Amino acid sequence: MATPMLRWCCPGRRWIFAGIGGGSRHGRGVPTGSTSSGKRGQSSVAQQPLITAQKPRKGEREWAAVVGLEIHAQIASNSKLFSGSQVDFAAPPNSLVSFFDASLPGTLPVLNRRCVEAAVMTGLALDCHINRKSLFDRKHYFYADLPAGYQITQQRLPIAVNGSLAYSVCVGQRWSQMVTRTVGVKQIQLEQDSGKSLHDNLRSQTLIDLNRAGVGLLEVVLEPDMSCGEEAAAAIRELQLILQALGTSQANMAEGQLRVDANISVHHPGEPLGVRTEVKNLNSARFLAKAIDYEIQRQISELENGGKILNETRSFDYKLGCTVPMRDKEGKQDYRFMPEPNLPPLLLYDSGSLPTGADPQQVIDIDQLREQLPELPRVTREKLVRQYGMRPEHSFALLNEVGLLEFFQNVMKETRAEPKKVTSWVLNTFLGFLKQQNLAVSESPVTPSALAELLDLLDRKAISSSAAKQAQCVKTRKNSILIKGGLPPHLQPHLTVSGGHKVPGTQRTLTNKHPEG
Amino acid sequence: MLGRTLREVSAALKQGQVTPTELCQRCLSLIKKTKFLNAYITVSEEVALKQAEESEKRYKKGLSLGDLDGIPVAVKDNFSTAGIETTCASNMLKGYVPPYNATVVQKLLDQGALLMGKTNLDEFAMGSGSTDGIFGPVKNPWSYSKQYREKRKQKSHGENEDSDWLITGGSSGGSAAAVSAFTCFAALGSDTGGSTRNPAAHCGVVGLKPSYGLVSRHGLIPLVNSMDVPGTLTRCVDDAATVLGILAGHDPKDSTTIQDPVKPFTLPSLTDVSKLCIGIPKEYLTPALSSEVRSLWSKAANLFESEGAKVIEVSLPHTSYSIVCYHVLCTSEVASNMARFDGLEYGHRCDTDVSTEAMYAATRREGFNDVVRERILSGNFFLLKENYENYFVKAQKVRRLIARDFVNVFNSGVDVLLTPTTLSEAVPHTEFIREDNRTRSAQNDIFTQAVNMAGLPAVSVPMALSSQGLPIGLQFIGRAFCDQQLLTVAKWFEKRVQFPVIQLQELMDDCSSIFENEKLASVSLK
């Protein structure tokens, strides 16, 4: 059986696959593939050279995969994109629905300034060109959770274009071997979210919740510059961090604040791109990577076996770990795009073009937003490396967990311990403990001060390393860690994790500020 | 009292010659008497009487809210009215009671106006006759006027007068008829291609289409968002100015309204027109124009010239493309705007529950009439990916050229354009329905729709009666946002031509007999 085999994956830009004994086969799904090019195995696709660590065996042909992503990020704003309804994901169904959200006839959209600012800030953070004039369009389709029968989006002239997103992936087995890659940001557009359909199969009913209808989304389109699931996942992770740093989106994938669709195709290097499929319903970075890699394999397998790739939408079944075609009765949709007549062109200004005497509430100054941009994760990491002599991968790890960097910095403020030691403690012992207890950093029973204290004790060699590790895990019912300073070695056993036992001989109480514990 | 203008009756209210409740009751009783006109879809009697009571209290305390306090008004049934059914004369919205007021309705109510009811129209304002709504056609009050009847008696004998009634024009025919038949003092219409000016001309009232962006569309159930403007139907130009002064201005709920503050204004009485330049667009002299309208048009031009105004022939070269361009843009927006009527959130829903798709299809099949469905179908065709460039984009370009025609003319020093409003006077219903809706709309909107594409203000002012004793109106078109200047010129003209008041006394006296006859004839309508 000619099972396609994954020959090797990154460090190249692309995955190289080799179908065993499949040298002469051509996927009929590749519409314009030239079978007589004779340029087998040559890497002439795209700008990035194809790095081949291993030469394909004679008679085998390489495959290159191309992955592009479309991301929908819910904008963190108090009200919806075009109405005054509140945005709150925990509200009872249909409790946050304005007349506009329910598409009552005669209602009109009014653009939310905060959403525009979020889009501009995101565009600036991704090195985009911010269009001084952008337009809104209607995209039509009938669906029960789309009350107006169209979605207002920015198809023709989006708010931001031509940016880039730098992300890092490991290239070897070791974390330390990280390389930075860049993916192009084609565009960022503002658009409305739809409502939610809740299918009650028992009663064959569909219930509609319009709370989400009209919530502002940033659609970020990433160029097909990626070639495997890992790259896509890393790019998404970095985008998440950027959105969170900007505060433009909570970007939590599990909660649907960040939704990713992947466009995937495979082709022989040197030949035109293959037919692509779109994979939807990817609600975690891990599943995104899995789904993409599965889909790449599937396509290769399909083509190697003389099959054809259909331009279709597939969804990822995370239980089975595979992609399946989505049932689409309608077939191909024609969205009948049309300019949204109720919204004038969105005009943005910079400090040079700001109209004199303009009401500051009515105009948006790009330069002013640029000044307000917070430090981006990339810069934060560089600073950590510079300031503490930290290894780059540790800087990544510190940023990857919400609140961990702040925790680290707070520990640093209060301890005399070496940064290296603190980093190691925070990333290994502390984080390991949290993972084990399934806690978020904000839920940690250990305060930065407590850890700082502990590290100081350790530094003074007042306690041993293993005792300190145990001490960290101790918590009491009063949510505090009790440590006796200058504890003699024979008392160490008292510090073992003991389900809230009090440490005898307490001299000081380090209070935990967090309510949980 | 009911025959007075808004200004006059407002003065009478202030002087205590009449109370709001008396006025309201008189209008209500006339609405009942003229029910056969079919001008109203919903008569909001209770609401009006309650509002009258409130108004009366204010007058007693000397705390009148202004010129509109206690004045009976009517609103076209495509403006949302909180708590009052708003149907758009369509099965789709039968029984739909909006939870909010359109901004223009709210503004009228805030001024103390009394809402008499919701007026009839073509379904979703798609038409130029007020004949194509589910509640049946509107009858032109002039059909029953002394002026028309006397002429008819001379001409033809023995014909059944009542079966030969005239259309009002449309689509705001109900509002025009309501004002013309004295059942209210002002009414709101909507104007997308001439829907306010056309019935105004046919019913002998003043129909104003303000500049696009001057008056909020929030709550107006749209036909073509980029062309719709709330319009006014009044007995005189001054009244139009009064109502416009109240309606105009920025609305945070409509992003296409102008930001600049608009102050209420009163029109100056122009005495000298020698500094005016009146443009006569030569392309508007079409063969289809009736000789009577043509001669009145030149008479009007001569009037201005004889009083010292400069009257020049101008060219709007892209006029002939306006109808087809309008068709593409209108149907495309209609296709889009009507997508929301799917039976889910509000309005009609069919009994089919096989699938959501089947429910959509049946609901829309049952809810919309042929005219609406035809426009949806055409519009979706024009918006298809393969057609978009060839139709929609081209039509947008032509629209720009049409708009530029006007800009060029106004830049050349013309202050106001003078044109006919309609090809002829109102025609009998029997004659009107010989053509289909699309052909009729194309014919009847010829002088009016280019104005909507350019977003300009325009007003139809009744000039004289035709040989048949029917009103003929002429249209003035002004520069964008120069509505006040436009109305000032219109007021001067109105004063000069002294259009006769409709003589409905006969109707009022024996309307009960007409009503009885009509009742039999119109049983099948509802």
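At what angle do the axes of helix H12 (residues 370-383) of chain B and helix H13 (residues 385-411) of chain B cross, and within what distance do they come? In this predicted model, local features need pLDDT of at least 70 and side-chain atom pairs count only at pLDDT 80 or more, while totals for chains, interfaces and linings use all residues. Residues are numbered from 1 along each chain as its sequence is written, chains are lettered from A and ligands numbered from 1 in the order in which they are written, and side-chain values use heavy atoms, with hydrogens and water left out.

The answer for the chain B pair is a crossing at roughly 95°, with the axes coming within 5 Å. (Axes here are lines fitted to C-alpha atoms, for helices over the stretch in contact, and angles run from 0 to 180 degrees between N-to-C directions; helices are DSSP runs of H or I with at least four residues, strands are E runs of at least two, and both are numbered from the N terminus.) H12(B) is therefore roughly perpendicular to H13(B), on a scale where angles under 35 degrees count as roughly parallel, over 145 as roughly antiparallel, 65 to 115 as roughly perpendicular and the rest as oblique. On the H12(B) side, the contact (heavy atoms within 4.5 Å) is made by Phe381(B), Phe382(B) and Leu383(B), and H13(B) brings Lys385(B), Asn387(B), Tyr388(B), Tyr391(B) and Phe392(B). By class that comes to six nonpolar, one polar and one charged residues, where Ala, Val, Leu, Ile, Met, Phe, Trp, Tyr, Cys and Pro count as nonpolar, Asp, Glu, Lys and Arg as charged, and the others, Gly among them, as polar.

Now for chain A. Helix H7 (residues 404-414) of chain A packs against helix H8 (residues 419-437) of chain A at about 135°, their axes 10 Å apart, so the two are oblique to each other. From H7(A) come Leu404(A), Phe407(A), Phe408(A), Val411(A) and Met412(A), which meet a set in H8(A) including Pro419(A), Val422(A) and Phe430(A). This contact has eleven nonpolar residues, one polar and no charged.

Helices H1 (residues 113-125) and H2 (residues 229-246) of chain A pack at about 130°, again with axes 10 Å apart, which makes H1(A) oblique to H2(A). Met121(A), Thr122(A) and Ala125(A) of H1(A) touch Ile242(A), Leu243(A) and Leu246(A) of H2(A), giving five nonpolar, one polar and no charged residues. This crossing, too, is right-handed.

Between the chains, 41 residues of chain B and 31 residues of chain A take part in the contact. About 2800 Å² is buried, 56% of it on carbon and sulfur atoms; buried area is the accessible area (1.4 Å probe) that two parts lose on being put together, summed over both.

Gly170(B) and Ser171(B) are joined by a cis peptide bond, omega being about 15°, and Ser171(B) lies in the loop between helices H5 (146-155) and H6 (173-180) of chain B. Asn94(A) has a positive phi near 55° without being a glycine.

Note on methods: A crossing is left-handed if the near helix is turned anticlockwise from the far one by less than a right angle, and right-handed if clockwise.
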